[in-house]
Amino acid sequence: MAGHISPKSSYYAIFSALMVLTGVTVAVAFVNLGSCNFPVAIGIAITKATLVILFFMHAKYSSQLTKLFVGTAFFFLVILLGLSLTDYLTRGLRTYPGGAGGAGYGVRSAAPATPARGGASPGAAH
Amino acid sequence: MSDALAAHAGAHGAHAHHPDLQHHFDTLEQQHEAATLGMWLFLITEVLFFGGLFLAYMLYRIWYPQAWAEASLELDIVLGAVNTAVLIGSSLTMALAVRAAQTGQQRATVVWILLTMALGLTFLVIKYFEYAEKFEHHHVPGPTFHFEGPNAGPAQIYFSLYFLMTGLHATHMLIGFGIMAVIAWMAHKKRFTPEWYTPVEVSGLYWHFVDIVWIFLFPLLYLADRAHHFA
């Protein structure tokens with residue numbers, strides 16, 4: 001009942017890939033990509049997590065039922081984050097008859113109508 | 001092994017089976033599959049447990065981007081990156097521990113698990129120094145909290161989430177450390193065989209999950225808006 005036994009070399013390869021991706025995400029963090037910095041950082045993190053799940057956690061070699069369970073975890077996470085953010089990320093897009101920007105952005109001091117992160121605005125550097 | 005099998009079979013009368021096969025399962029494969037599924041089911045609840053905190057992080061980040069950018073600069077990116085490498089390294093040793101158990105290498109299993117524990121401990125020690133630095137700089141939310149500039153209020157929310165998320169993660173590390181101590185002891189006692197190594201595999205799943213949580217915490221907390229301060 002040994003299941004799938006991966007060669008040691010494949011584990012070292014995955015480890016190397018994870019370390020390279022860690023280096024890339026640190027390096028990219030110092031390059032100003034405007035509003036793309038956040039999606040790039042999250043994209044790299046998702047790639048790393050996928051490698052860990054598929055190879056270190058053996059999901060690639062698991063039964064269909066186990067794969068379904070793995071998928072379920074992320075299906076519900078996407079619902080939790082995605083559906084909540086459809087509200088908060090789009091509040092700035094709506095303009096009300098009175099001329100006010102999105103209601104959700106009332107707490108922000110600058111640029112109330114754009115959903116772009118304030119870190120990129122001129123006032124960000126201190 | 002064969003002695004144990006025989007003794008167990010004797011106690012059961014006529015039917016002989018692997019000593020680690022529970023009676024409500026037909027085969028070791030089925031038992032292994034059930035245990036793996038059970039751990040994944042637990043990990044689904046863990047994903048949503050941490051998911052709630054990730055959602056809180058996202059919402060406050062959308063509300064207070066300025067404070068988020070300033071506060072994230074206070075974290076030590078070098079310590080964060082080193083800890084990421086340490087934890088990924090511990091995932092490698094964990095995967096190799098499972099492989100050693102699968103191939104019946106008892107001693108190697110013990111060694112890889114002890115290495116995994118050592119790397120886990122390294123992570124926690126580095127985390128301790130990071131926390132100590134936060135106390136020194138009054139970045140711990142509460143009456144003594146201090147943050148320069150007009151964003152002190154939201155920055156305190158950032159550090160609340162920082163301590164909640166990294167603290168919950170560190171708690172998982174401590175629990176994982178305890179689990180690994182038990183697994184190392186079982187491996188030392190030669191409890192695992194290529195036919196039955198389920199505890200190594202299943203606790204490995206937990207360890208890798210904790211690694212994955214950090215893979216997301218690192219960019220969210222340490223790297224967040226760094227680039228925009230060097231533009």
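The contact between the two chains takes 51 residues from chain A and 53 residues from chain B, two residues being in contact if their C-beta atoms, placed from the backbone, lie within 7 Å. On the side of chain A that touches chain B, α1 (8-28), α2 (37-56) and α3 (64-88) each supply at least two residues. The most comes from α3(A), with 13 residues. By class, this side of chain A has 34 nonpolar, 14 polar and three charged residues. Here Ala, Val, Leu, Ile, Met, Phe, Trp, Tyr, Cys and Pro count as nonpolar, Asp, Glu, Lys and Arg as charged, and the others, Gly among them, as polar.

This is a predicted model, in which local features need pLDDT of at least 70 and side-chain atom pairs count only at pLDDT 80 or more, while totals for chains, interfaces and linings use all residues. Residues are numbered from 1 along each chain as its sequence is written, and chains are lettered from A and ligands numbered from 1 in the order in which they are written.

**Chain A**

Chain A has three helices and zero strands, its elements running α-α-α from the N terminus on. Helices (H or I, at least four residues) and strands (E, at least two) are DSSP runs, numbered from the N terminus. Of the 126 residues in chain A, 23% are buried; a residue is buried if 20 or more other C-beta atoms lie within 10 Å of its own, exposed if 12 or fewer, and partly exposed in between. Among the contacts in chain A with a separation of 6 or more, 30% are between residues 24 or more positions apart.

**Helices of chain B**

| Helix | Number of residues | First to last C-alpha | Expected span |
|---|---|---|---|
| α4(B) | 26 residues | 38 Å | 38 Å |
| α6(B) | 37 residues | 52 Å | 54 Å |

**Packing around α4(B)**

Helix α4 (residues 77-102) of chain B packs with helix α5 (residues 106-136) of chain B at an angle of about 165°, with their axes 8 Å apart. Axes are lines fitted to C-alpha atoms, for helices over the stretch in contact, and angles run from 0 to 180 degrees between N-to-C directions. The two helices are therefore roughly antiparallel (angle over 145 degrees). Their crossing is left-handed, that is, the near helix is turned anticlockwise from the far one by less than a right angle. The contact of α4(B) with α5(B) divides into 16 nonpolar, eight polar and two charged residues.

The axes of α4(B) and helix α7 (residues 198-223) of chain B come within 10 Å and cross at roughly 165°. These helices are therefore roughly antiparallel to each other, and their crossing is left-handed. Residues of α4(B) in this contact include B:Gly80, B:Leu87 and B:Met94, and those of α7(B) include B:Trp207, B:Trp214 and B:Phe218. By class, the contact of α4(B) with α7(B) has 13 nonpolar, six polar and two charged residues.

**B:Glu46**

B:Glu46 lies in helix α2 (residues 28-63) of chain B. With 17 C-beta neighbours inside 10 Å, B:Glu46 counts as partly exposed. B:Glu46 and B:Val213 are 167 residues apart in sequence, and their C-alpha atoms are 9.8 Å apart in space.

Key: Expected span 1.5 Å × (residues − 1). Parallel < 35°, antiparallel > 145°, perpendicular 65-115°, else oblique.
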